[in-house]
Amino acid sequence: MYFEDQKIAQGSSQIVVNESFSKDKFMIDNMHLNKAYTNFLKEKKISSSDEKRRVLESFKKRYHEYREFWYNVDKKISEKKLYNSLSKPHCIDIETASICDLACPHCFREAIMTPDKIMSEKLFKKIIDSIAKLEVPSIKLNWRGEPLLNPLIDKFILLAKTHGVIDVIMNTNATTLDEKKGEKIINAGLDQIIFSFDGGTKKTYEKMRPGRFEINNFETIYQNIKNFCLLKKKMKKIFPITKIQMVMTKSSRNEVKDFYKLFSNIIDYVVVTPYQERGGKMDDLSEDQKIKLSEYKNKSNNKNFEQYIAKANGDLLVSRDRKLCDQPYQRLMVTYDGRVGMCCHDWGAQHCIGYVDKKAFDENKEIEKLKQSIEENKKGFELLKKTKKPNKFNNPPKKISDLNDIWNGEELNRVRSLHSQNKIEDLAVCKNCTYKNSYNWKKI
């Protein structure tokens with residue numbers, strides 16, 4: 001069993017509709033086509049068959065170790081076997097664009113002000129140089145925005161692959177994914193593309209994913225995704241792996257089969273994700289689940305009850321208590337302007353732990369500009385009226401640091417220490433976090 005399959009078997013909150021596909025198995029079986037591997041052979045001018053096999057096995061081993069740590073971090077933490085693994089993050093989330101052309105009601109962008117910006121090539125190169133030195137195996141090219149709105153995204157992918165990043169991932173809403181962009185990111189060596197598409201019908205999709213600057217159309221986006229998959233076949237490429245996911249709300253709860261029918265024949269794997277509160281306060285429960293949850297609240301002595309998971313099959317899980325979170329041990333997150341966060345669920349980078357670029361010091365100016373655009377009701381800002389300025393839970397010294405120094409720095413180690421002592425709620429940013437992996441769950 002591969003690690004991804006293991007995660008599903010252990011009770012992941014995600015529902016993988018077509019479980020026959022395993023990303024981990026696919027990546028290892030096709031490592032000889034991974035652009036990080038093929039570029040390494042070219043750079044080192046390796047032509048010997050034996051040497052190629054040796055290098056290939058080393059790439060497979062690196063990938064295997066990264067995934068093994070990723071899915072077993074809880075166990076390693078409890079057994080205190082993290083020392084070697086903590087020498088580097090296993091993934092860096094790089095916000096290549098904070099701008100988004102949609103205004104999805106379940107997105108944190110509807111609650112926390114987020115500037116419409118893209119990352120510069122200079123800053124991206126600086127980050128990738130640090131990643132190469134640390135030998136970080138994976139990066140994700142987005143966080144708060146739509147990465148395809150950065151015109152340099154294909155160059156960023158290629159730069160990452162030529163610097164030895166094995167697993168390069170990107171989430172996209174596919175609004176601007178035409179043939180030209182598709183061909184560029186395929187040729188650049190992207191390993192996985194994750195499409196966000198909420199709803200199994202036109203009515204639900206367009207309700208859940210309204211456009212900011214122009215109307216977002218179900219048929220257009222569906223065709224963009226379908227055409228990308230056809231283009232990959234036409235180009236005789238097996239990368240990037242394609243994944244599509246839908247957040248399950250009350251509107252889409254009864255459309256899982258429709259969602260699967262739309263994409264099962266064109267996408268590698270289809271995922272339905274339970275709703276996670278990000279400020280939109282969406283209704284995601286069926287009437288039966290609402291009654292069940294209300295009865296539990298009235299009868300239970302569970303004072304720690306804060307969160308719930310509502311599954312498509314009717315199961316309802318409630319949080320028993322908090323547990324040590326895997327995020328501070330797995331990854332870092334870098335904003336478009338060079339602020340570094342410890343968690344991809346810290347929307348707004350409210351607990352900043354360092355800076356890799358001085359542009360980040362101007363964050364307040366950008367927020368004020370955004371606030372003014374919203375108040376003036378400018379086009380594209382009409383749906384952002386309920387947003388508020390991000391909180392400041394931590395204020396690190398305003399100095400430029402290397403990612404390695406931040407990863408091994410005093411602040412992140414303080415966070416890890418509090419988590420390991422079961423004092424997760426002593427951290428303001430963690431106290432009301434809705435990240436499912438930071439709770440122990442009980443079915444009711």
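**Close-up views of a predicted model**

**View 1. The largest cavity and its lining.** By class, the residues that line the largest cavity comprise nine nonpolar, four polar and two charged ones. The model shown here and in the views below is a predicted one. The volume of this largest cavity is about 120 Å³, and 15 residues line it, with Cys325, Met342, Cys343, Cys430 and Cys433 lying nearest its centre. Three helices, namely helix 12 (327-330), helix 15 (410-420) and helix 16 (428-431), each contribute at least two residues to the lining of the largest cavity. Rolling a probe the size of a water molecule over the atoms shows where empty space is left.

**View 2. The second largest cavity.** The structure holds two cavities of 30 Å³ or more, and the second largest cavity has about 50 Å³ of space. Its lining is formed by Arg339, Ala349, Gln350, Cys352, Tyr355, Glu363, Lys392, Asn394 and Asn395, a set that divides by class into three nonpolar, three polar and three charged residues. Glu363, one of these lining residues, is also among the buried residues of helix 13, the subject of the next view.

**View 3. Helix 13 and its buried face.** Helix 13, which runs over residues 363-375 and has 13 residues, reaches 19 Å from its first C-alpha to its last, close to the 18 Å expected at 1.5 Å a residue. Its buried residues are Glu363, Glu366, Ile367, Leu370, Ser373 and Ile374. Seen down the axis of helix 13, these buried residues fall within an arc of 120 degrees, and they therefore line one face of the helix. They pack against strand 11 (339-341), whereas the face of helix 13 turned away from the buried side carries the exposed residues Lys365, Lys369 and Glu375. Asn377, which follows helix 13, has a positive phi near 55 degrees.

View 4. Helix 11, made up of the 13 residues 287-299, reaches 19 Å from its first C-alpha to its last, close to the 18 Å expected at 1.5 Å a residue. The buried residues of helix 11 are Gln289, Leu293 and Tyr296. They lie on the same side of helix 11 because the arc that they cover around the axis is only 60 degrees. What covers these buried residues includes strand 8 (308-310), strand 9 (316-322) and strand 13 (439-443), while on the other side of helix 11 the residues Asp288, Asn298 and Lys299 are exposed.

**View 5. Backbone geometry in three loops.** Most residues other than glycine have a negative phi, and most peptide bonds are trans. In the loop between helix 3 (35-44) and helix 4 (49-78), Lys45 has a positive phi of about 55 degrees although it is not a glycine, and with a relative accessibility of 75% Lys45 counts as exposed. Ala174, in the loop between strand 4 (167-172) and helix 7 (179-188), likewise has a positive phi, near 65 degrees, in a residue other than glycine, but Ala174 is buried, with a relative accessible area of 0%. Phe239 and Pro240 are joined by a cis peptide bond with an omega of about 5 degrees, and Pro240 is found in the loop between helix 9 (218-234) and strand 6 (241-248).

Notes:
Residues numbered from 1 in each chain as written. Predicted model: local features only at pLDDT ≥ 70, side-chain atom pairs only at ≥ 80, totals over all residues. Heavy atoms only, no water. Helix = DSSP H or I, 4+ residues; strand = E, 2+ residues; numbered from the N terminus. Expected span 1.5 Å × (residues − 1). Buried < 20%, exposed > 50% of the residue type's maximum accessible area, 1.4 Å probe, protein only. Arc of directions from axis to C-beta. Contact = heavy atoms within 4.5 Å. 1 Å grid on protein atoms, 1.4 Å probe; cavity = no way out; pocket = protein on both sides within 12 Å on 5 of 7 lines; lining within 4 Å. Points joined across faces, edges and corners; volume = space filled by probe spheres on them. Nonpolar A, V, L, I, M, F, W, Y, C, P; charged D, E, K, R; others polar.
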